[in-house]
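Good morning, colleagues. May I ask you to turn to the structure on the screen.

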Amino acid sequence: MIKAGVLGAGGMGAVHIKNLHGNEHVQLAAICDTNETLAQQQAELYGTAYYTDGSTMLEQEHLDVLYVCIPPFCHGDIEEQAAAKGIHLMVEKPLGLDAQSVRHKAKVIAESGIIAASGYCLRYLDTVAIAKDFLKDKKIGMVRAHYITTPVPTPWWRKKELSGGQLVEQSTHTMDLVRYLCGDITRLYADMKLLLVVDDIPDLDIPDVGAIQFVLDSGAVGHMQTGFIQFDHRSGIEIMGRDFRVVLDGTTLSIVEKEKEIVYRSKTDFYKNLTNALIDAIRNNDPSLVLASYEDGFKTLEVTLAANESAETGKPVILQA
């Protein structure tokens, strides 16, 4: 059995706790949260030990894998601690808010030899797998993407120094799909504005609307819109080439060609698929089973941080493929 610990018991942490508990190859050993009441509640629900300090949990529990599901501003060096002990990792997005520190973490993780996943769960959609297979021999010319949604009530989310802004913390899922399906982004230019269209959120200092123009390593061009000024949630990506387009509307996929259109509706739980893939990768010592590695997560983070930089300076940013 693979002994698992989870750092962060609320939000996405609760989702991962449930999926780890449901995996037949996992023993959910420990749950940690600075909110002791929440940690204890989750521990009692799943029959685990609980902690309020991540370092203490790593010292006292003999874990095989650690899920890091805490806000990006409070990771500290928990990843390095886990890597030093040979503990495999799943780190929720965004991996951090500073490219240099996350680059260092990625280096430490790579040198440790552990398997490390990032929380880009949309890669595990069945419809995304179909899209990726269709596109493998296609020449992409243009990409249009969007992530338009409602405000998040979490106080730290509305502060740029704590969340990085909506693109870094939330719309990053769609940006990651662009990279996964279309290739690396080599150049971008962004405009992001705090228009206060959403004027009822106190202490809000992150842009509520944004647009990013980008170029892929293939030479294809793309555009992404991000914002939280709506009453509902919409996200998707449209990928176009000569006589075809691939459209992901949420989790539903349409493949349109000159004389036919095929629609696929997702039938899978991508969060569960993420955990199952990571556990299988650990059991079989096969990192290739992880569709979104820590290194992948870092590269997507670099793109979103570069967009922030461009919006702040008014200049395009060149990225290494």
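Predicted model: local features only at pLDDT ≥ 70, side-chain atom pairs only at ≥ 80, totals over all residues.

Two packed helices are described by the angle between their axes and the distance between the axes. I begin with helix α1, residues 12–22, and helix α9, residues 270–284, whose axes lie 9 Å apart at an angle of about 60°. The two helices α1 and α9 are therefore oblique to each other, and their crossing is right-handed. On the α1 side, the contact involves Met-12, Val-15, His-16, Asn-19 and Leu-20, which meet Tyr-271, Lys-272, Thr-275 and Ile-279 of α9. By class, the residues of this contact of α1 with α9 comprise five nonpolar, three polar and one charged.

The second pair is helix α6, residues 126–135, and helix α8, residues 166–182; their axes come within 9 Å and cross at roughly 40°. Accordingly, α6 and α8 are also described as oblique to each other. Here α6 contributes Val-128, Ala-131, Lys-132 and Leu-135, while α8 contributes Leu-177, Tyr-180 and Leu-181. The contact of α6 with α8 has six nonpolar residues, no polar residue and one charged residue.

Finally, I turn to Glu-238, which is located in strand β11, residues 234–241. Is Glu-238 buried or exposed? Its relative accessible area is 13%, and because this is under 20%, Glu-238 counts as buried. The side chain of Glu-238 forms a polar contact of 2.5 Å with the side chain of Arg-144. Beyond its neighbours within four places in sequence, Glu-238 is in contact with Met-142, Val-143, Arg-144, Arg-245, Val-246 and Val-247.

Thank you for your attention.

Technical notes: Residues numbered from 1 in each chain as written. Heavy atoms only, no water. Helix = DSSP H or I, 4+ residues; strand = E, 2+ residues; numbered from the N terminus. Buried < 20%, exposed > 50% of the residue type's maximum accessible area, 1.4 Å probe, protein only. Polar contact = N/O pair within 3.5 Å; in protein donor to acceptor, adjacent residues only side chain to side chain. Contact = heavy atoms within 4.5 Å. Axes fitted to C-alpha atoms, helices over the stretch in contact; angles between N-to-C directions. Parallel < 35°, antiparallel > 145°, perpendicular 65-115°, else oblique. Left-handed = near helix turned anticlockwise from the far one by under 90°. Nonpolar A, V, L, I, M, F, W, Y, C, P; charged D, E, K, R; others polar.
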